[in-house]
Amino acid sequence: MRKTYLGLTGAVAISAMLAAAGPVWAQQQSPVLDAAVESGELPPVAERLPSNPLVVDGESVGKYGGTWRMGMRGGGDNGIIVKTVAYEGLVRFDHEWKTVLPNLAESWEVSPDAKEYTFKLRDGVKWSDGSPFTTEDIAFTVEIYKDPNYAAGSWIDSTTNPLTLDVIDELTFKFTFEKPNGMFLENIAGTDGLHITSLQKKYCGQFYPKYNENADAEAQAAGFTNWALYLQDRCSWGFETIRFSNPDLPVLYGWVIDQPLNANAARLTWKRNPYYWKTDSEGNQLPYIDNLDMRVSESIEELTLLALNGEIDFQERHIATTVNKPLFFDGQEQGDYHLGEVIPSSSNTLVLQLNMNHDDPVKRELYQNKDFRVGLSHAIDRQEIIDVVFTGQGEPFQVAPRPESEFYDEELAKQYTEFDPDLAAQHLDAAGLTEMNGDGIRLMSNGQPAKITVDVISALRPEWIDILEIMQLQFQAAGIELELNNIDRTLFYDKRPGNDFDAQIWAGDGGIEAIQDPRYYFPFSDESVWAYKWVQWYNGTKPEIAEEPVDWAKEQMALYDQVKAEADPAKRGELFRQVLAITKEQFPVIGVSLMPNSYSIIRNNLRNAPESMFNAWLFPTPSPMDPVTWYFE
């Protein structure tokens, strides 16, 4: 076997050396736990920590105490919880989003063919109820995921590259994949890794018929149709919002639920986990901060006001809009905070995805015509949008890897971004739109006006409406009608399997994590809305609507299969550049401008919080920046 991570560096190395030498330093705990230890309710901190705690240090050794205040958007805002509390997988990313580091797994080995991954868990890690975290919990999780009655859906129960689990001992287990899985470590270092470490057998097993013959009857008595729905309600499967409504659920996070999230909750609060398994290099059990207070509000304005009044200690989610930036800049002294830098992973402020698999054969042919897409792109005055909507921040940009990415290609990023009405007209003519009606709108081959109805969720990003309203006028000048269909998020997703849309809008995910999330570069996932039926052919997830892709897309799929199988990062990169070369040639989706850097609100007395950080779902900021080491001065 090839050892991928057994040599430790930095804080992790300190942890390993101290463990090898024995407990040579005094372990400390938060004073709020002292009474519980003295009364015997809790064991001493040395007994609550693993033999080899993960050592994590901030810039300075912290002080215990305080409450971190933030705001969340209603009961469905699982993102802020995952990105603050729940990022505890087998492995994790470093602060620079470059290296995979140990976490709950203290070491691992990978076979040369990248099919076998053997992990060793950290000895002595405990769930928040004090029970040991062992391979028994890993095995239970795999068992649940593979049960056809429990429809979770992840890499654990994948049909495209099935895995088997071998439990070697209480701390060691091996995943064996049917096909090479060269990107597995990078994938589980992100949010996908949270599935496998989220279900405790001792607690969640009581809802599963194999371990409780009365599980179905108890589920029905609790008001659920069957055990699977009851299990989902009590345990969920990683990071769904429902998971944070159950304060009885044991977790491995730095904080545990105190006041749970429910339909009427005004706030979701957390208290420190006395069994958390990380320390600083002086032996102080983390986290430093005792409590979290997440104010629940559907109003961005209310959350903005809280921040301006100094009632939010650290946050960028929801409130860090372009419109708000002047307010927050001017309010720094009064609110006793300052602004940090947030580098987005998104490549683009808006991605226009035309439905190349449209049920209408005329629209399908038109949307698959590259000249049509190029014509639309040249019809966009991107600088006007940047100046009006983003106060001059950003630059014309297609959907492409960002300049910070190793896959940045200036030609791909800048092609067809020039505002040129004459060139737009030439390409639209070449796409067959040579005739116009009395209103100056070009006519499709069936004689109908060329109208694109675009689905958008303004509640998610209000600036999308501003961008589209400018694009409406610009497209109209080119002879294309753009109709805005502002809908809620549930309907937005529900329309996809039914193929009931002309186009949809999103931001440009995959700007930095291009190789992990290539949704706009080829038909990769259900988020590749521009070719949803081709995606089903590739992934085999919805065979009833699958459609064989065109040759260039199939070539990309075959190349990406090689990417996933390749364990050598350099070879992976070369293969992925071939995928991007086809993207550049085919130009599947249309972008507007490079997503400008955002900002965070940081209270002036908060220490160890990052002054600069990346922001992404796969790098769920700020969790990878170790909030457990933050403290109040």
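How much space lies in the largest cavity? I looked this up and found about 120 Å³.

**Ground rules.** I note that this is a predicted model, in which local features need pLDDT of at least 70 and side-chain atom pairs count only at pLDDT 80 or more, while totals for chains, interfaces and linings use all residues. Residues are numbered from 1 along each chain as its sequence is written, and side-chain values use heavy atoms, with hydrogens and water left out.

**Cavities.** Grid points are joined across faces, edges and corners, and a volume is the space filled by probe spheres set on the points. With this rule I count four cavities of 30 Å³ or more. The largest cavity has 15 lining residues, and those nearest its centre are Tyr87, Glu88, Tyr276, Ser623 and Pro627. I sorted residues into nonpolar (Ala, Val, Leu, Ile, Met, Phe, Trp, Tyr, Cys and Pro), charged (Asp, Glu, Lys and Arg) and polar (the others, Gly among them). By these classes the lining of the largest cavity holds seven nonpolar, four polar and four charged residues.

The second largest cavity has a volume of about 90 Å³, and its lining includes Trp68, Met70, Phe314, Gln315, Thr621 and Pro622. Strands β3 (67–73) and β14 (314–315) each supply at least two residues of that lining, where helices (H or I, at least four residues) and strands (E, at least two) are DSSP runs numbered from the N terminus.

Ala114 is not a glycine, yet has a positive phi of about 60°, and I place Ala114 in the loop between β6 (105–110) and β7 (116–121).

**A salt bridge.** I looked at the pair Asp313 and Arg603, which form a salt bridge (a side-chain nitrogen of Lys or Arg within 4 Å of a carboxyl oxygen of Asp or Glu), with the closest N and O atoms 3.7 Å apart. The two residues are 290 residues apart in the chain, Asp313 in the loop between α10 (300–308) and β14, and Arg603 in strand β21 (residues 598–603). The count of salt bridges by this rule comes to 38.

Definitions and conventions. On a 1 Å grid over the protein atoms alone, a cavity is a set of points where a 1.4 Å probe fits but cannot get out, and a pocket is an open set with protein on both sides within 12 Å along at least five of seven lines; lining residues have an atom within 4 Å of a point.
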